[in-house]
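Got your viewer open and a selection tool ready? Let's walk through this one stop by stop.

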Amino acid sequence: MTISQLLEQFGDKYVLALLTTWKLTACAFVIAFAVGVLITVMRICPIRPLQLAGDFYVQLFRNIPGAALLILLVYALPYLRLVWSYYACVLIATSLIPAAFCSEYLMAGMNTIAAGQIEAARSLGMRESSVFFKIVFPQALRYVVPAMISELVIVLKDTTFAYVVNYADLMQNARVLISNYDALLSVYLVTAVIYILINYALNRISVAVARRQDAGARRAAGRSR
């Protein structure tokens, strides 16, 4: 089966699978970012047990393979009487690991903020929570936007683990087509091109944002001279 025949007969299936992949990616990234912010707050708070818990989370999920985590959720947890849907398992697996990296990016972004700004805010009587969410977090977030977009690319690629549990994403769509039709090369080629185009577009956005931030920083430095 040629690529043109494949797209003509199964183009609608590719579109549905692509929408499913985008939905999973968007949901996973939003959850990962929210959890990453929470973990970051835990890591910088003055309560020692919360600091340790946040650091433990990052060290744990930075070093666990996504496929292994998904298999654990799907096949091991039922022995503990915890049975979740395939979608929930895939969503959790593709959220918890990126959350650790989001926290690391935010911590790196906060390290770029001048200590004088924080001290000035405290001298004005601002609470620590207000200092974080009104001064520290917005600046750190602007700094790490390119890294967050790169993490979005990683989340998109991690969704390919979903085929392990037969979730209807792009990879599972390719798997079904190959099992029913003699079109292994064309199916995988089309699937690969789709992933490459999406990831390339996201990477270009990341580069453009980084360049814009660098240009803004240079202009600000020029005005301060």
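## A buried ring to start from

Select Phe137: at a relative accessible area of 15%, Phe137 is buried (buried is under 20% relative accessible area, exposed over 50%, and partly exposed in between, with a 1.4 Å probe and protein chains only). A word on what you're looking at: this is a predicted model, where local features need pLDDT of at least 70 and side-chain atom pairs count only at pLDDT 80 or more, while totals for chains, interfaces and linings use all residues. Residues are numbered from 1 along each chain as its sequence is written, and side-chain values use heavy atoms, with hydrogens and water left out.

A search of the whole structure turns up three aromatic pairs, and Phe33 with Phe137 is a tilted one, at 6.4 Å centre to centre with 50 degrees between the planes. For the cut-offs: rings of Phe, Tyr and Trp (its six-membered ring) pair if their centres lie within 6.5 Å, and planes under 30 degrees apart count as stacked, over 60 as edge-to-face and the rest as tilted. Phe33 sits in helix H1 (residues 3–44) and Phe137 in helix H6 (residues 128–158), so this pair ties together parts that are 104 residues apart in sequence. Bring in Phe133 as well, and you have one aromatic cluster made of Phe33, Phe133 and Phe137.

## Zoom out

Switch to cartoon. The chain has eight helices and zero strands; these are DSSP runs numbered from the N terminus, with helices being H or I of at least four residues and strands E of at least two. Along its principal axes, the C-alpha trace spans about 70 × 50 × 25 Å. Buried residues make up 39% of the 225 residues.

## Along helix H1

Go to Val15 in helix H1, partly exposed at 46%. Together with Leu16, Leu19 and Trp22, Val15 makes a nonpolar surface patch of about 400 Å². Patches take residues with over 30% relative accessible area and no salt bridge, joining like charges within 9 Å and nonpolar side chains (Val, Leu, Ile, Met, Phe, Trp, Tyr) within 5 Å. A salt bridge here is a side-chain nitrogen of Lys or Arg within 4 Å of a carboxyl oxygen of Asp or Glu. The areas come from the Shrake-Rupley method with a 1.4 Å probe, and for residues only the protein chains shown count as cover.

Next, pick Lys23, which lies over the face of Tyr87 at 5.6 Å from the ring centre. That label needs NZ of Lys or CZ of Arg within 6 Å of the ring centre and within 35 degrees of the ring normal.

Thr191 is in helix H8 (residues 184–224) and is buried, at 2%.

Gln51, in helix H2 (residues 48–62), is buried too, at 18%. Leaving out residues up to four places away in sequence, Gln51 touches Met42, Arg43, Cys45 and Pro46.

Finish at Tyr86 in helix H4 (residues 86–110), partly exposed at 43%. Neighbours within four places aside, Tyr86 contacts Val74 and Val165. Draw a C-alpha to C-alpha line from Tyr86 to Val165: 6.6 Å in space, for 79 residues in sequence.

Terms used:
Contact = heavy atoms within 4.5 Å.
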